[in-house]
Amino acid sequence: MAASLGRQWVDVTFKPNTSVATIEKVRATCSHVQNVSAYPLPRKHTVLNLMAGIRFNTTNASDGNVAQLQVCVQKFGSVQGFTPGDSGDEGG
């Protein structure tokens, strides 16, 4: 449990009917931001599996890195949400 303390991420969600190809493109395009890494996608890349969006690990990212990620994903009209989270949000 101690390993999960202090973890931070950003969840990126998409508008309904966004294609799998577009979701994959956003993930690939925005994974270049320093100190940010995309979590692996489900093995099956279907709209149903990717409906919840994609998650980026921002544990080691600065506020500037997170801002760069936000600018990158918002270049895509299919992005609906950009929601930062941390291990404190999980309750317990």
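A disulfide is a pair of cysteine sulfur atoms within 2.5 Å. This tour leads to one such pair and to its surroundings. The structure is a predicted model, in which local features need pLDDT of at least 70 and side-chain atom pairs count only at pLDDT 80 or more, while totals for chains, interfaces and linings use all residues. Residues are numbered from 1 along each chain as its sequence is written, and side-chain values use heavy atoms, with hydrogens and water left out.

**The whole chain**

Begin with the entire chain in a cartoon view. Its secondary structure comes to three helices and four strands; helices (H or I, at least four residues) and strands (E, at least two) are DSSP runs, numbered from the N terminus. Along the sequence, these elements follow the pattern β-α-β-α-β-α-β. Of the 92 residues, 34% count as buried, where buried means under 20% relative accessible area, exposed over 50% and partly exposed in between (1.4 Å probe, protein chains only). Contact means heavy atoms within 4.5 Å. Among contacts between residues at least 6 apart in sequence, 74% join residues at least 24 apart.

**The sheet**

In general, strands of a sheet pair through backbone hydrogen bonds, either parallel or antiparallel.

Turn now to the two helices themselves. Helix 1 passes helix 3 in a right-handed crossing; a crossing is left-handed if the near helix is turned anticlockwise from the far one by less than a right angle, and right-handed if clockwise.

Which residues of the two helices meet? Select Val26, Thr29 and Cys30 in helix 1, and then Leu69, Cys72 and Val73 in helix 3, which they meet. The residues of this contact divide into five nonpolar, one polar and no charged. Here Ala, Val, Leu, Ile, Met, Phe, Trp, Tyr, Cys and Pro count as nonpolar, Asp, Glu, Lys and Arg as charged, and the others, Gly among them, as polar.

**The disulfide**

A disulfide joins Cys30 to Cys72, with an S to S distance of 2.1 Å. A search of the whole structure finds one disulfide. Why is the disulfide of Cys30 and Cys72 called left-handed? The torsion about its S-S bond is about -90°, so the disulfide is left-handed. Both Cys30 and Cys72 are buried.

Move to Thr29 in helix 1. Thr29 counts as partly exposed because its relative accessibility is 34%. Apart from neighbours within four places in sequence, Thr29 is in contact with Cys72 and Phe76. The C-alpha atoms of Thr29 and Cys72 are separated by 7.8 Å, although the two residues are 43 residues apart along the chain.

Then select Gln68, which lies in helix 3. With 46% relative accessibility, Gln68 counts as partly exposed. Its C-alpha atom is separated by 8.9 Å from that of Gln34, 34 residues apart along the chain.

**Two loop residues**

Finish with two asparagines. Most residues other than glycine have a negative phi. Asn17, in the loop between strand 1 and helix 1, has a positive phi of about 70° although it is not a glycine. Asn17 is exposed, with a relative accessible area of 81%. Asn35, in the loop between helix 1 and strand 2, has a positive phi of about 65°. Asn35 counts as partly exposed, at 40% relative accessibility.
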